[in-house]
Amino acid sequence: NVTGVQTCALPISMKVTAAHEFFHGIQNIYNPFINLWFMEVSSTWMEDIAYDDINDYYYYLGDPDGVFLKPYLSLETENGSHEYSAGVFGHIISEMYGVNAMKKAWEKTIGQNLALVALDSAMKTYGTTVNDLYANFCVWNYFTGNRVNTNLPHYSEDRKSTRLNSS
């Protein structure tokens, strides 16, 4: 349902919506009961993986309740906005450890009730922890837009996005 959500032109938004909803179907095969925030983070991430040139998720990045304007909110926040803007968390996973790292995270949700526990288990297979991943996420989020520093690890799409500019 995209009612009331600012988005790209309809035919384009239908493509990313299809990718988003299709990924929800895949998630339900792994674990239909895992935390909603992780379902939305990874489905929003999948929009950009499936259609990298569309970048519909940029519209969520400037959301007043999103990760860039309210960085003090928990990654686990479920308020109808934050979990979509946190789709960039999926990007840090795939940019640091590859696209298959998200698949690994979903594999670890099987039989698990908490997404952070599953993520931590997946990250341990890469020699790190979900806490370290989240620390990197906070740093990457800070060094976006007008603060981007290409000498530091950063999102690959930083230079294209004006939505990551926050004070």
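**Helices α2 and α6 cross in a left-handed manner.** The term left-handed applies when the near helix is turned anticlockwise from the far one by less than a right angle, and right-handed when clockwise. The model is predicted: local features need pLDDT of at least 70, side-chain atom pairs count only at pLDDT 80 or more, and totals for chains, interfaces and linings use all residues. Residues are numbered from 1 along each chain as its sequence is written, and side-chain values use heavy atoms, with hydrogens and water left out. The axes of α2 (residues 36-50) and α6 come within 12 Å and cross at roughly 155°. These axes are lines fitted to C-alpha atoms, for helices over the stretch in contact, with angles from 0 to 180 degrees between N-to-C directions. At this angle, α2 is roughly antiparallel to α6 (angles under 35 degrees count as roughly parallel, over 145 as roughly antiparallel, 65 to 115 as roughly perpendicular and the rest as oblique). From α2, the contact is made by Phe 38, Met 39, Ser 42 and Trp 45; from α6, by Met 102, Ala 105 and Trp 106. Contact means heavy atoms within 4.5 Å.

**The whole protein has eight helices and zero strands.** Its pattern along the sequence reads α-α-α-α-α-α-α-α. Helices (H or I, at least four residues) and strands (E, at least two) are DSSP runs, numbered from the N terminus. Of the 167 residues, 45% count as buried (buried is under 20% relative accessible area, exposed over 50%, and partly exposed in between, with a 1.4 Å probe and protein chains only). The protein exposes about 8,400 Å², of which carbon and sulfur atoms supply 55%. Accessible areas come from the Shrake-Rupley method with a 1.4 Å probe; for residues, only the protein chains shown count as cover. Among contacts between residues at least 6 apart in sequence, 60% join residues at least 24 apart.

**The buried residues of helix α6 (residues 100-107) are Ala 101, Met 102, Ala 105 and Trp 106.** Viewed down the axis of α6, the buried residues fall within an arc of 145°, so they line one face of the helix. The arc is that of the directions from the helix axis to the C-beta atoms.

**Helix α5 is mostly covered, with eight of its eleven residues buried.** The buried residues are Gly 87, Val 88, Phe 89, Gly 90, His 91, Ile 92, Ile 93 and Ser 94. They pack against α2, α3, α4 (82-85), α6, α7 (115-124) and α8. Just after α5, Gly 98 takes a positive phi of about 95°.

**Ile 93 of helix α5 is buried, with a relative accessible area of 0%.** Apart from neighbours within four places in sequence, Ile 93 is in contact with Gly 98, Ala 101, Met 102, Leu 119, Met 123 and Leu 133. Ile 93 and Leu 119 are 26 residues apart along the chain, and their C-alpha atoms are separated by 9.8 Å.

**Helices α5 (residues 87-97) and α8 cross at roughly 110°, with axes that come within 10 Å.** This angle makes α5 roughly perpendicular to α8. On the α5 side, the residues that meet α8 are Val 88, Phe 89, Ile 92, Ile 93, Glu 95, Met 96 and Tyr 97. Leu 133, Tyr 134, Asn 136, Phe 137, Trp 140 and Asn 141 are their counterparts in α8.

**Asn 141 lies in helix α8 (residues 130-142).** Asn 141 counts as buried, at 10% relative accessibility. Not counting residues up to four places away in sequence, Asn 141 touches Val 67, Phe 68, Val 88, Arg 147 and Tyr 155.

**Thr 128 sits in the loop between α7 and α8.** Thr 128 has 12% relative accessibility and counts as buried. Beyond neighbours within four places in sequence, Thr 128 is in contact with Tyr 97 and Met 123.

**Asn 55 is found in the loop between α2 and α3.** The relative accessible area of Asn 55 is 11%, so the residue is buried. Most residues other than glycine have a negative phi. Phi of Asn 55 is near 60°, a positive value in a residue other than glycine.

**Tyr 59 belongs to helix α3 (residues 58-61).** Tyr 59 counts as partly exposed, at 28% relative accessibility. Its C-alpha atom and that of Tyr 84, 25 residues apart along the chain, are separated by 9.6 Å.
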